[in-house]
Amino acid sequence: MDKKEKTTNEESESIEQLLRPKTFGEYVGQDKIKNHLKLIIGAAKERGESSDHLLFYGQAGLGKTTLAYIIGKEMGVGVRSTSGPALEKPGDIAAILSNLEPNEILFIDEIHRINKLVEEIFYPAMESRKLHLIIGKGPAAKTFTLDLPPFTVIGATTKVNLLSSPLRSRFGATFRLDYYQNEDVEKIIKRSAKILNVEIAEEAIKKLAEASRFTPRVANRLLKRARDYAQVNKKKEISGEVVEKTLEMLEVDSLGLEEADRELLKTIMTKFGGGPVGLKTLAAALNEEMDTIEEVYEPFLMKIGLLNRTPSGRTATDLAYKHLKLDKTRKLI
């Protein structure tokens with residue numbers, strides 16, 4: 001990586017950090033979850049204890065990582081971050097846990113991907129703050145127990161069903177982050193525009209929110225691209241027209257559908273008569289992984305009423321035909 005590319009990556013990371021809320025007051029949306037967390041954190045602070053272990057799940061980009069860092073700030077403790085795939089061997093988790101400070105937070109993203117051997121060592125660590133290690137092999141092997149300081153595990157996952165029951169049961173509270181309301185996304189865009197020091201029209205805010213897939217991460221990404229378009233084309237503010245041109249360039253339509261979303265719907269409509277069509281067949285027709293269809297495309301398409309998932313398979317709705325300007329004879333309107 002050359003110096004220029006490295007600088008660009010660092011700047012991009014700093015912008016992401018800049019846009020990330022630092023307190024519950026700055027965090028827009030998910031009010032029920034915030035109120036519950038405030039209760040847990042407030043009680044733990046009064047007792048001078050670490051918080052219960054917490055689990056967040058939901059679609060990518062809804063603010064799971066942000067909440068973990070806000071909790072650390074509210075508790076006045078550090079947050080150590082890792083991910084499930086990085087914890088391959090028992091020694092990996094042992095090294096992290098043995099170096100935690102009292103009441104510190106260990107944030108594990110993609111926690112469903114933790115190696116099963118590591119997970120088994122994790123159980124007593126979470127439950128009784130004991131780390132059991134086996135040193136050596138065969139008859140000479142010895143078990144060594146290490147006492148751990150109080151700490152909090154915050155796990156984040158998009159696939160809560162893949163967490164084993166023993167691991168899931170060790171979390172004191174589990175929270176499901178849902179898609180945001182358009183009004184909340186508009187507030188997030190206004191806040192981000194202010195931080196980025198760009199002028200933006202109300203019409204532009206609404207158009208960006210409508211195309212954001214009810215997801216703050218997507219809203220901020222689209223806002224940054226609209227800012228780039230306005231800057232390059234010497235526009236003083238991000239107007240509704242600027243947003244339209246930006247979305248057109250990105251091949252994102254007014255509902256936030258990208259080319260892959262439209263291709264999925266069109267395949268169901270034109271190749272399978274609108275459905276129902278099985279997931280395996282649909283994946284083969286699209287040359288796409290089944291997991292990607294289930295976890296990336298379907299939740300949003302179902303949320304906005306363009307796709308139904310039935311026992312017989314996937315079906316496109318009347319609204320999908322209308323949005324894509326197709327009739328049920330598969331001819332362009």
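**View 1. The surroundings of Lys34 in the predicted model.** Leaving aside neighbours within four places in sequence, Lys34 is in contact (heavy atoms within 4.5 Å) with Phe24, Tyr27, Val28 and Gly29. Lys34 has its place in helix α2, which covers residues 31-47; helices here are DSSP runs of H or I with at least four residues, strands are DSSP runs of E with at least two, and both are numbered from the N terminus. With a relative accessible area of 9%, Lys34 is buried, a word that stands for under 20% relative accessible area, while exposed stands for over 50% and partly exposed for values in between (1.4 Å probe, protein chains only). This is a predicted model, in which local features need pLDDT of at least 70 and side-chain atom pairs count only at pLDDT 80 or more, whereas totals for chains, interfaces and linings use all residues. Residues are numbered from 1 along each chain as its sequence is written, and side-chain values use heavy atoms, with hydrogens and water left out.

**View 2. An open sheet of five strands.** The five strands follow the order β2-β3-β6-β1-β7, and their pairing is parallel; two strands count as paired if DSSP finds at least two bridges between them. At the edges are β2 (79-83) and β7 (173-176), each of which pairs on one side only. Neighbouring strands of this sheet are turned by 15 degrees against each other on average, direction ignored, where the axes are lines fitted to C-alpha atoms, for helices over the stretch in contact, and angles run from 0 to 180 degrees between N-to-C directions. In general, strands of a sheet pair through backbone hydrogen bonds, either parallel or antiparallel.

**View 3. Strand β2 beside strand β3.** Strand β3 (residues 104-109) runs parallel to β2, and five bridges join the two. Within this pairing, Ser81 has Phe107 of β3 as its bridge partner. Thr82 also has its place in strand β2, and at 14% relative accessibility Thr82 counts as buried. Not counting residues up to four places away in sequence, Thr82 touches Leu87, Ile96, Leu106, Phe107, Ile108 and Asp109.

**View 4. A helix across the sheet strands.** Helix α5 (residues 116-128) lies across β3 and β6 (151-157), and the helix runs at about 130 degrees to β6.

**View 5. The chain around these details.** The protein chain has 14 helices and nine strands, and of its 333 residues 43% count as buried. Along its principal axes, the C-alpha trace of the chain spans about 75 × 50 × 45 Å.
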